[in-house]
Amino acid sequence: MIKRIFSVLLAVLMIAVVFSGCSSDGSGEQIVFPIDNEPKYLDPQIVSDNGAANIIQNCFEGLLTYDENGKIVPAGCESYEVSINRLEYTFKLRKDAKWLVTRAAKALFGEGEFENFDTSVKAADYVFAFRRLADSDTGSEYSGLIMNIKNAKKVYQKKLLPQELGVRAEDDYTLVIELEAPDADFPAVLTYPACVPCNETFFEMTKGRYCLTTSYIISNGPFYISNWADGTAITARKNDEYHSASQVMPSSVYFSFNNQKETRGDKVENGTYEVSPVSGSQVKKLRNKKGITICEFDNSCYSFLFNCSDDLLKSKNLRLSLASSLEKSQFLKEGGTKEADGIVPDTCVAGAAAYRKRVALPEQIKADEIYAKKCFDAFRNDVQADTVELKILCDAENEMNVRKVMQKWQQVFGVKCSLAVEVVDEIALNSRIEAGDYQLAFADVSFYGDTALNVLCTFSSTGKRNFSRFSSKEYDALIEKLRAAENERDFLLLLKDCEQFLLDNAVMVPIYKSKGCFALAKGVSGVVFSPGGEYVSFKAALKK
């Protein structure tokens, strides 16, 4: 990565700055928020991690966003209309939305390069962004989000040019998006960081360095990147050119790089962090602290994961044998831990409402030792193996329960099954799973995005975050039918069919529900979360 020219010392000093002019209502303050790692880049169309996505969410603005009540509302547009057949979306863009060209950009490229630069955010900027997202050369992990846009699949497959994507500028401030099939989730898709606009003129000026440093970024959101200190933090300062600058409360947001998750609760309590994701154990400690606010989201579940590309676990029979000998009850802790309803988290939506409220619960694999032995014997017969060696990946907190499961498996399968456990820390666990570097794993699983469709598309053969490495032509065909559903009833039925297929094939075994939790320090308010708690908006954040 190109060396960033700001010193670490400056970044350390920034966190201690006391801004003058802070008003008594809590505005004008700096908000400090930790992210796990330093982003490799901040290109919205190829964003690759949650920390980067949250920075983008605050420094760029797409067509739609979520308000404090979880409702989808206009952001970069003033309004939009949907055609009667629900295949065409027409957006009337704000005429006061501007690109902020920073001093860093002007210093790098020269003031003269921007003399004739049009800073208005126009429909063409959205067209270019969606074309980049659909172009497989971009290498976006999230191109699947827009595959229901007309011609998107063929553009991605190089059968059509990006210019033939069903997104067009009717005029400077009218954007039209055509879909292949009605999609009740499409407005939710447009809230994702990957769907923010991209100015083609500036993009070409960067010559392949777009969003690699402060000098190669322009912003249209409530904040802009003012400082990027290697290994320390990214500072996003209030954008005074933002169309609603008077509604932006913080003077800046300091995104501190800190993967020491066990320290975050203490740092919220002592006021080092204004907002932070926190673990369940930290929540217990903070819940009774005066002034601390806890925000919880039912957005994940602890699950057994099977690497379906593994030489052994690619066998459905082996996966079924392991899944059907699991006793989930041993994982259900006292104090309200609830068994998972399925793969799709409770916070996910299907159209305009919660998925779990619209679709009947799927059937999950039940504990059955006789069936488990039958499947195991069938597997051994298929592979002609006398013994089977398996290693389970987990973190220290769950090692005891995993060892109990191993004992159960050993009891059911006997000496024919050799089992081992590998204990790693949470960060290594998540990294190994994402990289597919495991056989079996027990972990807290969450997904990118707030829609049931996006969760289920994760497991398609082209799913960019397909951590189970599952590949099935039958499942891919189901996903294609789901994307092409012509009415809401069929859409909901196909969602359920897809989830049931994954469970029946033991791609993963959901065990119990988990929560994503955030803690707000004393006196902090106005922080807005997406329905699944994935994205955090600091535009209205106050610190008194």
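Me: Which residue of strand 16 stands opposite isoleucine 392?
Reply: This is a predicted model, in which local features need pLDDT of at least 70 and side-chain atom pairs count only at pLDDT 80 or more, while totals for chains, interfaces and linings use all residues. Residues are numbered from 1 along each chain as its sequence is written, and side-chain values use heavy atoms, with hydrogens and water left out. Strands (E, at least two residues) and helices (H or I, at least four) are DSSP runs numbered from the N terminus. In strand 16, the residue that stands opposite isoleucine 392 is valine 421.

Me: Over how many bridges do strand 15 and strand 16 pair?
Reply: Two strands are said to pair if DSSP finds at least two bridges between them. Strand 15 and strand 16 (residues 417–423) pair in the parallel sense, and the number of their bridges is 7.

Me: Which residue of strand 17 is the bridge partner of leucine 393?
Reply: Strand 15 is also joined to strand 17 (residues 440–446), by 2 bridges, and these two strands run parallel. Within strand 17, the bridge partner of leucine 393 is alanine 441.

Me: Why is strand 15 largely enclosed by the rest of the structure?
Reply: A residue is called buried if its relative accessible area is under 20%, exposed if over 50%, and partly exposed in between (1.4 Å probe, protein chains only). Strand 15 covers residues 388–394, and it is largely enclosed because the buried share of its 7 residues is 5.

Me: Which residues of strand 1 point the other way from Gln30, Val32 and Pro34?
Reply: In a regular strand the side chains alternate between the two faces of the sheet. Strand 1 (residues 30–35) is mostly covered, with 6 of its 6 residues buried. Gln30, Val32 and Pro34 point one way, and those that point the other way are Ile31, Phe33 and Ile35.

Me: Which residue of strand 10 is the bridge partner of isoleucine 31?
Reply: Strand 1 runs parallel to strand 10 (residues 252–257), and 6 bridges join the two. In strand 10, the bridge partner of isoleucine 31 is valine 253.

Me: Which residues is serine 276 in contact with, leaving aside its neighbours within four places in sequence?
Reply: Serine 276 is found in strand 11 (residues 275–278), and because its relative accessibility is 0% it counts as buried. Contact means heavy atoms within 4.5 Å. With those sequence neighbours set aside, the contacts of serine 276 are Phe33, Pro34, Arg264, Val268, Cys517, Phe518 and Ala519.

Me: What distance separates the C-alpha atoms of alanine 372 and valine 536?
Reply: Alanine 372 is part of helix 12 (residues 369–383) and counts as buried because its relative accessibility is 0%. Beyond its neighbours within four places in sequence, alanine 372 is in contact with Ser321, Ser324, Ser325, Val412 and Phe413. Valine 536 lies 164 residues away along the chain, and the separation of the two C-alpha atoms is 44 Å.

Me: Is cysteine 211 buried or exposed?
Reply: Lysine 207 lies in the loop between helix 7 (200–205) and strand 8 (223–229) and counts as exposed because its relative accessibility is 69%. Cysteine 211 is found in the loop between helix 7 and strand 8, and its phi is near 65°, a positive value in a residue other than glycine. At a relative accessibility of 0%, cysteine 211 counts as buried.

Me: Which strand gives the most to the lining of the second largest pocket?
Reply: On a 1 Å grid over the protein atoms alone, a pocket is an open set of points where a 1.4 Å probe fits, with protein on both sides within 12 Å along at least five of seven lines, and lining residues have an atom within 4 Å of a point. This pocket is lined by 33 residues, and Glu61, Thr65, Tyr66, Ser537 and Lys539 lie nearest its centre. With 3 residues, the element that gives the most to the lining is strand 2.
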